[in-house]
Amino acid sequence: MRMGSGYVDVDAPVSAEQLEAIRSLDNNALIIRLHFTINHLSRWLSPIHEPGPLVRSRYRGEPTVKDLLLAMRDYEQYVYPKMYVIASQETPDLDTIPDYRPSAARQVSDAEHSPIVLMSNFRRLRQSTCSLLRNLPDEAWDRKGFSRVHRNATIRQLAEGLAEHDYRYLRAIDQLLTETGAREGLAEIQKAPLDDLIKLVPQSMKG
């Protein structure tokens, strides 16, 4: 196995250019970007039949690809209820939503499941998020949820936050797949780098 030297850090800074690219998307284009995330993961992970590089870490404290998939799924389960409450209630109180924590039984199940199964879990959640967003008129994206514990947030801000979270975690997965040698022998289309794939997202869906 080929080992890379770069330590993977999901908290590494995201460039101002990348953040502006997210902010400048119109609502429909942002939905497409969120939907494309599961396409990117499927492109990268589905052809990998040897799970070893996906479940083993290279360095102490470094996440595995499986860890990153779990974090993406769990963050989706944290954000989606907030979006739903803002979209469905007249005075959305975000403090009524308990922060998501996987149960002990869920953690045991997660430990047993393969990365491909976890990717499927995440896909189902992301499809629910995109379905909710597609059904909202543009003016509803500016509806605000209120919190005395955290920050107030609009649906648009939560969606942009998901896109930034996606970028951080996809960037880390992209790096791990390359540096662990998990991509060796795959076709070029199956290991297209993240920054190339992001260019496929249109900035606007308006004519």
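Biologist: In which helix is the place of glutamine 18?

Modeller: Helices are DSSP runs of H or I with at least four residues, strands are E runs of at least two, and both are numbered from the N terminus. Glutamine 18 lies in helix α1, residues 16–23. This is a predicted model, in which local features need pLDDT of at least 70 and side-chain atom pairs count only at pLDDT 80 or more, while totals for chains, interfaces and linings use all residues. Residues are numbered from 1 along each chain as its sequence is written, and side-chain values use heavy atoms, with hydrogens and water left out.

Biologist: Is glutamine 18 buried or exposed?

Modeller: Buried means under 20% relative accessible area, exposed means over 50%, and partly exposed lies in between (1.4 Å probe, protein chains only). Glutamine 18 has a relative accessible area of 15%, and is therefore buried. Contact means heavy atoms within 4.5 Å. Not counting residues up to four places away in sequence, glutamine 18 touches Arg33, Tyr167, Asp195 and Ile198.

Biologist: Which residues line the largest cavity?

Modeller: On a 1 Å grid over the protein atoms alone, a cavity is a set of points where a 1.4 Å probe fits but cannot get out; a pocket is an open set with protein on both sides within 12 Å along at least five of seven lines; and lining residues have an atom within 4 Å of a point. Grid points are joined across faces, edges and corners, and a volume is the space filled by probe spheres set on the points. The whole structure holds one cavity of 30 Å³ or more, and the largest cavity contains about 70 Å³ of space. Its lining consists of Arg33, Phe36, Thr37, His40, Ala163, Asp166, Tyr167, Leu170, Leu194, Ile198 and Val201. At least two lining residues come from each of α2, α7 and α8.

Biologist: What residues line the largest pocket, by class?

Modeller: Ala, Val, Leu, Ile, Met, Phe, Trp, Tyr, Cys and Pro count as nonpolar, Asp, Glu, Lys and Arg as charged, and the others, Gly among them, as polar. The lining of the largest pocket has six nonpolar, five polar and three charged residues. This pocket has a volume of about 350 Å³. Of its 14 lining residues, Arg151, Asn152, Ala153, Gln157 and Leu158 are the closest to the centre. The elements giving two or more residues to this lining are α4 and α7, and α4 gives the most, with four.
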